[in-house]
Amino acid sequence: MNTHKTPSANLHRGGCCCVGKSSVSAEARDIRSVSDTSLPLHRLQVQGASCGGCVKSIEQTLKSVAGVSEVSMDLVTGIASVIGVVEPKNLTDALDRVGFPATLIR
């Protein structure tokens, strides 16, 4: 598995920092099975994630948003699941700032 640190969020704007260097895949897990089900679940369709490094960056970005309790990103579907009391716009804005446009799945 290729593990690396992303030196700059700006690298994501034109695509992944490791395009062509990694075949890392991420497995989704059932976020509801490990979390408090009384908190709201937000699902986001995220654009531009192509490797495990992207997933890590997306999850870290979403976890940094106030009110977020847990995050899980599925690389295959491009869906990030976020549990917490947070405005969905704050989630999409945070991802936009690091180069991963996202939309709320209703």
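Here is a walk through this structure, from the overall layout down to one histidine.

First, some ground rules: this is a predicted model, in which local features need pLDDT of at least 70 and side-chain atom pairs count only at pLDDT 80 or more, while totals for chains, interfaces and linings use all residues. Residues are numbered from 1 along each chain as its sequence is written, and side-chain values use heavy atoms, with hydrogens and water left out.

The chain has 2 helices and 4 strands, where helices (H or I, at least four residues) and strands (E, at least two) are DSSP runs numbered from the N terminus. Read from the N terminus, the elements go β-α-β-β-α-β. Of the 106 residues, 42% count as buried; buried means under 20% relative accessible area, exposed over 50%, and partly exposed in between, with a 1.4 Å probe and protein chains only. Among contacts with a separation of 6 or more, 65% come from residues 24 or more positions apart, a contact being heavy atoms within 4.5 Å.

Now for the sheet. The 4 strands make an open sheet in the order β2-β3-β1-β4, with antiparallel pairing; two strands pair if DSSP finds at least two bridges between them. The edges belong to β2 and β4, each of which pairs on one side only. From one strand to the next, the twist averages 25 degrees. Helix α1 packs on this sheet, touching β1, β2 and β3, and its direction makes about 160 degrees with that of β2. For these angles, axes are lines fitted to C-alpha atoms (for helices, over the stretch in contact), and angles run from 0 to 180 degrees between N-to-C directions.

Take a look at β3, where 6 of 6 residues are buried. In a regular strand, side chains alternate between the two faces of the sheet. Here Ile79, Ser81 and Ile83 point one way and Ala80, Val82 and Gly84 the other, and all are buried. With β2, strand β3 pairs over 6 bridges in the antiparallel sense, and Met73 stands opposite Ala80. The hairpin of β2 and β3 has 4 residues between the strands, and there Gly78 takes a positive phi near 75 degrees. With β1, strand β3 pairs over 5 antiparallel bridges; Leu41 has Ile83 as its bridge partner, and His42 stands opposite Val82.

Helix α2 (residues 88–97) comes next, with Leu91, Thr92, Ala94 and Leu95 as its buried residues. Seen down the helix axis, these fall within an arc of 160 degrees, so they line one face of α2; the arc is that of the directions from the axis to the C-beta atoms. On the other side, Lys89 and Arg97 are exposed. The buried residues pack against β1 (41–46), α1 (52–63), β2 (68–74), β3 (79–84) and β4 (102–105). After α2 comes Gly99, whose phi is positive, near 90 degrees.

Finally, back to His42, which lies in strand β1. Why does His42 count as buried? Because its relative accessibility is 11%. Not counting residues up to four places away in sequence, His42 touches Ala80, Ser81, Val82, Gly84, Val86, Pro88, Leu91 and Leu104. A polar atom of the His42 side chain also lies 3.4 Å from the backbone oxygen of Gly84.

Note on methods. A polar contact is a pair of N or O atoms within 3.5 Å; within protein, one must be able to donate a hydrogen and the other to accept it, and residues adjacent in sequence count only if both atoms are side-chain atoms.
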